[in-house]
Amino acid sequence: MDHKRHNGSRLMGGPSQAKRGKTMGEWEDSPSQFEEELSMFEEADMDAEEMEGQAGHDVIPVGDLFSADLNPRWRRPPAPSLDPSSDTLVFQQIDLDYYLAGMPGQSQGKVPIIRMFGVTDNGNSVCCHVHGFAPYFYVPAPNGFMSAHLVEFKKELNSAVLKDMRSNKDNISVTVLAVDITRKESMYGYHGKHIIDFLRITMAMPRLIAPAKRLLEQGFKFAHFPTSNYQSYEANIDFEIRCVCLRKRYKIIWKTWWRDENDRYRLNTQKEASLCQYEVDVGWKDLISHPAEGEWQRIAPLRVLSFDIECAGRKGIFPEPDKDPVIQIASMVQRQGETEPFIRTVFTLQSCASIVGSQILCFTQETKLLQSWAEFLRTVDPDIITGYNIQNFDFPYLLNRAAALKVNYFPYLGRVRGIKSVLKDLNFQSKQMGRRENKTINMEGRVQFDLLQVLLRDYKLRSYTLNAVSFHFLQEQKEDVQHSIITDLQNGNEQTRRRLAVYCLKDAYLPLRLLLKLMCVINYMEMARVTGVPLTYLLSRGQQIKVVSQLLRQATKQDLVMPVVKTEGGEDYTGATVIEPEKGYYSLPITTLDFSSLYPSIMMAHNLCYTTLLQKGSVEKLGLAPEDFIKTPTGDLFVKSSLRKGLLPEILENLLSARKRAKAELKKETDPFKKQVLDGRQLALKISANSVYGFTGAQVGKLPCLEISQSVTGFGRQMIEQTKQLVESKYTLSNGYQADARVIYGDTDSVMVKLGVATVKEAMDIGREAAEWVSSHFTPPIKLEFEKVYYPYLLINKKRYAGLYFSSSASTHDKMDCKGIETVRRDNCPLVANLINTCLQKILIDRDPQGAVEHAKEVISDLLCNRIDISQLVITKELTRTAQEYAGKQAHVELAERTPSTCWRTTFPLTHNTTWSSSCPNLSKQKRATTHAVKLREAPVLAAKLCSRQMVCVCNFHLLYFSWCFGK
DNA sequence: GTTATCGCCTAA
DNA sequence: TAAGTTAGGCGATAAC
C-alpha cells in the first residue's frame, strides 16, 4: 500500500489564489497537517489490530457493493448473553419516548409503553420497554365525593371523551383507565396545610389528557353531582417529563443506570422491535434507578457519529436535493471518553485515491451510496449523531435526495424497526432567541446533537461558520477548498476527488473535536441530570421545561400538585434599578460590590414561592398572626419558612450548592481548558438558578406568578438603594476615611464606589470590609461581595463602561473589561470593534489619549482612502443571518464569494470627503444624528449602514477622549 | 427639525 | 403548541 502522502491539492486551474486573505497563508500547510493526523490514527489502529485481527480495506474499489465487505469494527462489541433468571441488565439511559400498544390479555384498547434506550458498560445497546405507566392528571374532588362515586365518574368521563373524538382511528374503547382518590394540596398559594381529596385520572394515552381536561373544565356532570367546572392540575406536563419526574421520588435521576429488581425482567426475544443488542420488557415497578453519584456517575462508552456531506451544485446555485447529487459522505465515529475516532470513512461517488488513515468506499451509483450509508449508520448504531448544521442541512438534504432517487430503505435512521424518519418543519419561537425556523427528523433512540445548534444556544459569537468557530475554539481551520470548485473536483480524477474527500473528512472531524473540546456531551448530561429533563429536550426546548421539571420533582415529594393556568399576557411589572451614572473618566480605583445571585438569594431569604403566597383574604381566613408572614415591597404577602418552606427556595438551594461544588473544582483545576468548562458549568447552574425567577415572571408560561417576580425585583430595588446609602453614610471624611465615598454607578445587583483612595490595595481592603458590613444588614443568604476594582475606569453611560479589572492581585490587572461598548457588540463591523478596542487600550492601559486620537485618525484615513480590507467592514452576524435564510451551511462559503459587499467595494469606494473631524466633537445628543455627513443616495442599504457605523465609532472615540479630558 | 417608535443587542 | 425577566443604549425611520 502506498503510504506516501498524495498531495492532490495542486490542480490545473485550481482555486483562485486571489481570493485568499493575507491571514490565510498558513492554510497551505493545513491539509498535510490534517492528513498526517489521519495517518497517525492509522498507526495507532495497526497497533491495536495486531491483537484484534483484521481491519477493513483502505480503499474498496469502485463497485456497487455492500454488506459483504463490512468493516468489522463498525459493529458494536458482541453482547454477552444474559440469563433473565439470574443476571441483571445495567445500562445508562440516553433517550426515552413512548409508543402505544395493545395490552396483553385485553382484546382492545391501547396503553402507552415507555421505551428507554441506553448503553451498557460494555458498549452494548439496550432498548427497554417499560410497562405499566400511564399518563394522569388531577382535579379536586367535588364536595361530598366518596369512593363509591368513582365508577360513575370514570364511566361518564370515558364516554364524554369518546364522544368528543372526531375520529377514532386507533379504535379506542377505553379512554379513562382509572380514577382514584388521593390526598393532595395545590401548590399555588398557601392555605394552611389544607390537604384535600383530589381525583387522579389516568388516561390510556397522553393525547387524551387534553380533551379530558377541556371537558372537565367546560362543565362536567356525573351521577347526582351538579355540573361544575373542574380546575385541572398537571394536565400540561409532557409524558416524558412526567415519567422521569415521578420516579424522582424513588431517587431516580435522569442519566442513571437501570436494572431490574428481583431479576424480574424478561429478555424480549419475540418482538425485536428495535435494532438494539438487548431488548427487554420490564414492569415500571421493577425498574431501579440510581442517582448519579459515586460509581453511577460514570458515563457509558456512547458512540458519537459525526458526518458531513458534499453535493455537486450547479454554478452559483445552492444545491437542490431534487436536482443535485450527493457525491460524498464522510463519517467519523468516536466513543465517548476517548480522544480519537475509531472509524473514519468516506463514501464517494466515483473513484477516489486512498487517504492513509481512513477507509474509502467508492460507488458508481448515487442510490447505492445513499443506501449503503444508511446501512452503515444502522450498523454503527450511534447513540449521538453530530455534525455541523446537520439538522437543517445535511439530514434534510439526504432525506430529500433519497426520496427523489427513490432509495426506499434510506429513511430508517432510528433504532426502532419500521419507523420511517420523516422531515418536519418546526417553528420555534421565544423572546430569548426570536423566531427560528427549524427542521426536525425523528430518529428514535438516537440523540441528534447538531453542533451549530449547540453553539447558537450556548455561545455568543460574531460568526457561526464552521471555519470561524473552529478557529475560535481550536485555532484550526477547514481544509482550503472553495465551495464553488466542488463540482469541478468531483468531475476531475481520483486525485481531485481525493482532495474533496480530505476536505469532507475534516468537516466531519472538526465537529467531533469541538464537541470534545467544549465538553458538550458531558455538560449537557450534567444539565439533564440536574434538571431532570431528557437530553433531547435541552436542545429542542426552552428554559421553562427545566424549571417545570424541577418544580414537579420537588412538589411530588410533598404531595403538592401543580395547577394548569391559562396563559394570558398582562401588564409588565417593574424590574431593576439602574443608578444614574456619574459619567466620566476616573483615574482613581473604583471598587465594585456585587450581590451574588441576587434574585435567587432574595427568593431564598424571604421564602418566596407559589406555596407560600398569601392570596387575597387568606390572612383573615387562616387567622394568621403578623409574625407568620411578611409583606414585600410590592405589597404582596408570603408566609415565613417557619410555617412552610417554599419549593422554589429548595430548588435554588440545590442549584446553588451544585454551583459551589463546581466552583470549588474550578479552583483546584489547573488545565486551562477544563477550567473554562467548569466555569461554563457553574455559569449554567447560575443561569438555571436565575431562570427560576424568569419562569415566575413568564406571563405566557406554565405557571406565572407576578406576585413572586415583582416582589423579587422590588426587594432588589430596595436593596441597591439601601446599599448605596449605607456605603455613602459610613465611608465619609467625618468617620475618619480618606474621602466621602460616592456610588457613581450601579445596575441591578452591583454598586461602583469611588472611595477616594489612591491605590488598588486600599480599594480592595475597604471594599471587602464594606461588603461584609453591608451584608450584615440583610437576611441570609443575601450577601454583598467585593468582586473587583476598576482602575482606571471609564463610565460612558448606563450599561456602557470599561476599565482595567483588578481582582486576583492588587499590582497587575487581570484584563480590560468592556461592557456594552462596540467592542462587545456583534452588530458592529470588526473595524469599529478593533478601533474602539485599540483606543480603549491606549486610554486605559497606556494612558495615552493623544495616541488614541492619532490611531483613530489613521484608521479613518485608511478607510477613506480605501485601504481597509473588506472583511473588516462586514458585519458577520448579518452574513450569518442571510446565510441561514439560504438554509444551508455551505451558504456561508457561498456568501463569502457572492456577497454584494465585494461588489460595493468596486462600485462604491468609500471616498466620501466627510466632515467627521469637525462635526463629531459637538456631541449634543440629537445633533449627532445629523453628523452623518455621508449622504448615500445611491448606495446599497448595508453599505450605508457600514459607513454610518464607522462615523459612530469616530464619535464614540471623541466621547472617550473628551471624557478623559474634561469629565471628572 | 425635532420626537416617538422600532429593531437589535447587551447588562444584570 | 411552546415561548425565562426588565432596563436601556443607539441607530434608523416614520410621524409630527
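Q: What covers the buried residues of helix 5?
A: The cover includes strand 12 (303–311), strand 13 (326–335), strand 14 (343–349), strand 15 (359–363), strand 16 (384–387) and helix 6 (390–404). Helices (H or I, at least four residues) and strands (E, at least two) are DSSP runs, numbered from the N terminus. This is a predicted model: local features need pLDDT of at least 70, side-chain atom pairs count only at pLDDT 80 or more, totals for chains, interfaces and linings use all residues, and side-chain values use heavy atoms, without hydrogens or water. Residues are numbered from 1 along each chain as its sequence is written, while chains are lettered from A and ligands numbered from 1 in the order written.

Q: Why is helix 5 called largely enclosed?
A: Eleven of its 15 residues are buried, so the rest of the structure largely encloses helix 5. Buried means under 20% relative accessible area (exposed is over 50%, partly exposed in between; 1.4 Å probe, protein chains only). Among the buried residues of helix 5 are L369, L370, W373, F376 and L377.

Q: How do you know what span is expected of helix 5?
A: The rule is 1.5 Å times one less than the number of residues. Helix 5 (residues 366–380) has 15 residues and reaches 21 Å from its first C-alpha to its last, close to the expected 21 Å. Just after helix 5, D381 takes a positive phi of about 55 degrees.

Q: Why is T591 called buried?
A: Its relative accessible area is 1%. That is under the 20% limit, so T591 is buried. T591 is found in strand 23 (residues 590–595).

Q: What makes the residues that T591 touches count as contacts?
A: Contact means heavy atoms within 4.5 Å. Not counting residues up to four places away in sequence, T591 touches V751, M752, V753, L755, A763, G767, F786, K788 and V789. The T591 side chain also reaches the backbone oxygen of A763 at 3.2 Å.

Q: What makes the D281 and H131 pair a polar contact?
A: The two side chains come to 2.7 Å. A polar contact is a pair of N or O atoms within 3.5 Å; within protein, one must be able to donate a hydrogen and the other to accept it, and residues adjacent in sequence count only if both atoms are side-chain atoms. The 2.7 Å value is within that limit. D281 lies in strand 10 (residues 278–283). At 5% relative accessible area, D281 is buried.

Q: What makes L551 and Y610 stand out in the largest nonpolar core?
A: Of its 141 residues, these two touch the most other members. The largest share of this core, ten residues, comes from helix 10 (residues 494–517). A nonpolar core is a set of buried Ala, Val, Leu, Ile, Met, Phe, Trp, Tyr and Cys residues joined through side-chain atoms within 4.5 Å. Leaving aside neighbours within four places in sequence, Y610 is in contact with residues including M187, L551, L648, F695 and I708.

Q: How many residues of chain A are there, and what share is buried?
A: Chain A has 968 residues, and 54% are buried. Its secondary structure comes to 27 helices and 31 strands.
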